Each structure stands twice: as C-alpha cells, then as structure tokens.
Amino acid sequence: MKLFVEKDYDAMSKLAANMVKDEIEKNPSTILGLATGSTPEGMYKELIRLYKEEGLDFSKITTFNLDEYVGIDEEHPNSYHYFMKNQLFDHVNIDMKNTFVPDGKAENPEEFCKQYDKLIEEKGGIDLQILGIGANGHIAFNEPDEELNVGTSIVNLTESTIEANSRFFDSIDEVPKTAMSMGIGSIMKAKKIILMANGKNKAEAIKELLKADKITTKLPASLLLLHHDVTVIVDEEAYNG
Ligand code: F6R
C-alpha cells in the first residue's frame with residue numbers, strides 16, 4: 001500500500017485528480033470506477049478544471065459507480081446518479097452512454113447486480129478504482145460484518161452509515177436503508193485502486209487500516225491489503241486525528 005499524507009483536503013483532491021489524469025492520458029479509453037460522497041467532490045472539481053483549462057479528454061472513457069441507494073429515482077437530488085451528473089458528468093465531455101451507475105430501481109435487483117459485474121468484465125475490467133472509506137471502515141457499501149459480498153449485491157446499511165448519510169437528507173427517516181453496492185470481489189478486480197480519506201472522523205478507520213497486518217471482514221477496507229496496487233491518499237487530519 002502506498003501512502004500519501006497531504007496537507008489538506010485541497011491537496012488530497014488535486015493529487016488524486018492528477019493520478020486520474022495520468023491514467024486517462026496514458027489510456028484515453030480508461031475504465032474508471034467512481035465513488036460518490038463528500039470525499040471525492042474536490043477531486044471531481046479539479047477534474048472539471050483539468051478538462052476546461054487543460055483539455056483533459058473524457059470522450060472515450062467509461063465509468064462504473066460503486067453504489068446507489070435502493071428505491072430512489074435517478075432524478076432524486078440524493079441519488080448517486082444525480083450526484084455524478086451534478087459533480088462531474090454534466091461538466092466534462094464524457095459520453096453518457098459510457099457511464100454506468102447501479103440502478104436502485106431495477107425491477108429485478110438480483111439479476112441487475114449479476115449483469116452489472118458481467119458488464120464490467122465484458123468492458124475489460126476497471127483500470128482505476130476510486131474509493132472513499134466509511135468511519136466504520138466500509139468501502140463502497142460493504143459494511144463491517146461476519147461475511148462480505150464478493151459481487152455486486154443488495155446490502156443493508158448500518159445505523160452509523162444511515163446516520164452519517166442523513167446529513168444530505170431532510171430527515172434521517174428519509175435515508176434509504178438498503179443500497180446496491182459493488183462487492184469486495186468487484187473492487188479487488190480493479191487493476192489499480194486509490195482510496196481517499198479526509199477529516200478527523202476518518203482518523204480511526206485510517207489508523208486501523210494502516211496498522212493492519214491481518215485482514216478482517218470487520219474492517220472491510222483491510223481486504224485491500226491483498227491488492228497489489230493500492231494508493232491511500234489522506235489529509236493530515238485523517239492521518240493524525
Ligand atoms: C460512496 C461510497 C462510500 C463512501 C463512504 C465515505 O460511493 O461507496 O463508501 O465512499 O461512505 O463517504 P464520504 O465521502 O461522504 O465521507
């Protein structure tokens with residue numbers, strides 16, 4: 001695991017954006033795995049700037065998002081579809097046909113999950129996966145548990161995740177209790193992974209991850225210790241607490 005400790009959120013975001021840029025410049029048809037949430041917002045902002053000011057070309061890339069709430073319309077302002085359009089897709093020259101986000105309203109969710117993993121494989125697999133981390137160590141919505149899903153699945157969100165995500169909703173009751181999420185196996189198949197974390201509330205999870213010499217499903221991010229190309233980018237607050 002490579003580690004970069006950056007001064008602040010801005011520096012963390014710029015470093016991650018530059019790594020994405022390098023990847024796209026090396027391979028214009030890169031397949032990116034994308035995350036939502038507060039952590040990558042700054043990185044997306046910087047990617048938009050790189051597109052507008054430096055001509056970074058998104059026209060041939062393909063993207064697969066990690067997750068989506070179940071039961072929420074694509075147009076709902078808290079859906080991850082909406083987030084991606086708002087934070088990135090509407091502002092760069094990406095071909096929307098090449099963007100994929102799990103469908104939280106799929107008629108047959110189990111079948112959809114299977115097809116999602118299949119589609120990733122058919123496209124050639126994810127070249128670079130961007131991850132955030134939950135304060136409880138979750139990656140995507142793989143929550144600490146006795147067992148973790150290998151492939152994309154329907155998952156129950158933990159109370160702590162529902163509470164953390166309620167900041168985006170009018171009330172905690174509106175936060176969906178289930179999500180569709182890539183599994184640990186879907187994530188581990190990515191050729192390269194960048195995990196980002198900022199702020200004091202991630203310090204405990206980051207400390208656990210960086211000191212881990214054992215993998216445990218109780219800290220889903222620890223499974224990343226088995227991957228050969230993971231870069232962790234944190235700001236000083238997430239590193240020092
Ligand atoms: C989002 C995702 C989640 C978040 C995590 C951190 O697509 O998969 O695992 O990365 O919950 O969320 P933020 O960045 O809002 O602290």
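A polar contact is a pair of N or O atoms within 3.5 Å; within protein, one must be able to donate a hydrogen and the other to accept it, and residues adjacent in sequence count only if both atoms are side-chain atoms. In Thr39, a side-chain N or O atom sits 2.4 Å from an oxygen atom of the ligand. For Lys202, that kind of pair is 2.6 Å apart. Thr36 has a polar side-chain atom 2.9 Å from a ligand oxygen atom. On its own the ligand has 400 Å² of accessible area, and the protein covers 93% of this (Shrake-Rupley method, 1.4 Å probe).

This is a predicted model: local features need pLDDT of at least 70, side-chain atom pairs need 80 or more, and totals for chains, interfaces and linings use all residues. Numbering starts from 1 along each chain as its sequence is written, and side-chain values use heavy atoms, without hydrogens or water.

Now look at helix H3, residues 80-87. Helices (H or I, at least four residues) and strands (E, at least two) are DSSP runs, numbered from the N terminus. Which residues of H3 are buried? They are Tyr80, His81, Phe83 and Met84. Buried means under 20% relative accessible area, exposed over 50%, partly exposed in between (1.4 Å probe, protein chains only). These residues lie on the same side of H3, because they cover an arc of only 165 degrees around the axis, taken from the directions from the helix axis to the C-beta atoms. They pack against elements including strand S2 (31-34) and helix H5 (159-165), where contact means heavy atoms within 4.5 Å.
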